[in-house]
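Subject: Handing over the structure

Hi there,

Here is the structure I promised to pass on to you. Please open it beside this email and follow along.

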Amino acid sequence: QDLVNTQVVLKNGTLSFTQWLNPTPKIYKIVTVYNVTNTVEVAVGGRPIMDPIGPYYFREYREKINVGVVYNQEVWFSEKKYYIFDNETTNKDRPANATLDPTQDKFTTFNLAYVGVAYNLTCSGAIFSGDP
């Protein structure tokens, strides 16, 4: 019981505090991009043909910053979260001539925010073609 009480509390110097401050399990964000292969047809109203590219693996890092203890009871902090491309995980089962690199790969995709707004405006009647 004493071991639990001393190690589970978020107190500087305990194992639980160390794990909370810098978690050891790896967390990944997995991204697949859909490349539009028939851009000319889509530009004139055609249906898009999309090929998946990926998945790309990005390792997530969480850093606790501005950590402070208030009245020896409350832990206050901010968390900085960022992602770094993991080349080894992304390309581990790929042939050498087909590796993925998000800084070099080229693809065409939709601006989904723009498409969503345009669709909603069209459906609401706010945009109409021809004479009003």
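Below is what I found, going from the whole chain to single residues.

First, a word on the source: this is a predicted model. The protein has five helices and three strands, and along the sequence these follow the pattern α-α-β-α-β-β-α-α. There are 132 residues, of which 13% are buried. The protein exposes about 10600 Å², with 55% of that supplied by carbon and sulfur atoms. If you look at contacts between residues at least 6 apart in sequence, 46% join residues at least 24 apart.

**The sheet**

The three strands make an open sheet in the order β1-β2-β3, with antiparallel pairing. β1 (27-36) and β3 (74-85) stand at the edges with a single partner strand each, so one side of each has no neighbour in the sheet. On average, neighbouring strands are turned by 30 degrees against each other, direction ignored. As background, strands of a sheet pair through backbone hydrogen bonds, either parallel or antiparallel.

β2 and β3 are joined by eleven bridges in the antiparallel sense.

**Backbone points to check**

Most residues other than glycine have a negative phi, and most peptide bonds are trans. Against that background, the peptide bond from Gly54 to Pro55 is cis, with omega near 5 degrees. Pro55 sits in strand β2, which covers residues 50-70.

Strand β2 also holds Asn66. Asn66 is not a glycine, yet its phi is positive, at about 55 degrees. Is Asn66 buried or exposed? With a relative accessibility of 63%, Asn66 counts as exposed, because the cut-off for that class is over 50%.

**Around Thr32**

Thr32 is part of strand β1. Its relative accessibility of 35% puts Thr32 in the partly exposed class. Which residues does Thr32 touch once its neighbours within four places in sequence are left aside? The contacts are with Pro52, Ile53 and Pro55, and Pro55 is also the proline of the cis peptide bond described above. Thr32 and Pro52 are 20 residues apart in sequence, while their C-alpha atoms are 6.4 Å apart in space.

**A nonpolar patch**

On the surface there is a nonpolar patch formed by Tyr34, Met50, Phe110, Leu112, Tyr114 and Val115, with about 630 Å² of accessible area together. Helix α5 (residues 112-124) gives the largest share of this patch, three residues. Met50 comes from strand β2. With a relative accessible area of 41%, Met50 is partly exposed.

That is what I have for now.

Best wishes

Methods
Residues are numbered from 1 along each chain as its sequence is written. This is a predicted model: local features need pLDDT of at least 70, side-chain atom pairs count only at pLDDT 80 or more; totals for chains, interfaces and linings use all residues. Side-chain values use heavy atoms; hydrogens and water are left out. Helices (H or I, at least four residues) and strands (E, at least two) are DSSP runs, numbered from the N terminus. Buried means under 20% relative accessible area, exposed over 50%, partly exposed in between (1.4 Å probe, protein chains only). Contact means heavy atoms within 4.5 Å. Accessible areas come from the Shrake-Rupley method with a 1.4 Å probe; for residues, only the protein chains shown count as cover. Two strands pair if DSSP finds at least two bridges between them. Axes are lines fitted to C-alpha atoms, for helices over the stretch in contact, and angles run from 0 to 180 degrees between N-to-C directions. Patches are made of residues with over 30% relative accessible area and no salt bridge: like charges are joined within 9 Å, nonpolar side chains (Val, Leu, Ile, Met, Phe, Trp, Tyr) within 5 Å. A salt bridge is a side-chain nitrogen of Lys or Arg within 4 Å of a carboxyl oxygen of Asp or Glu.
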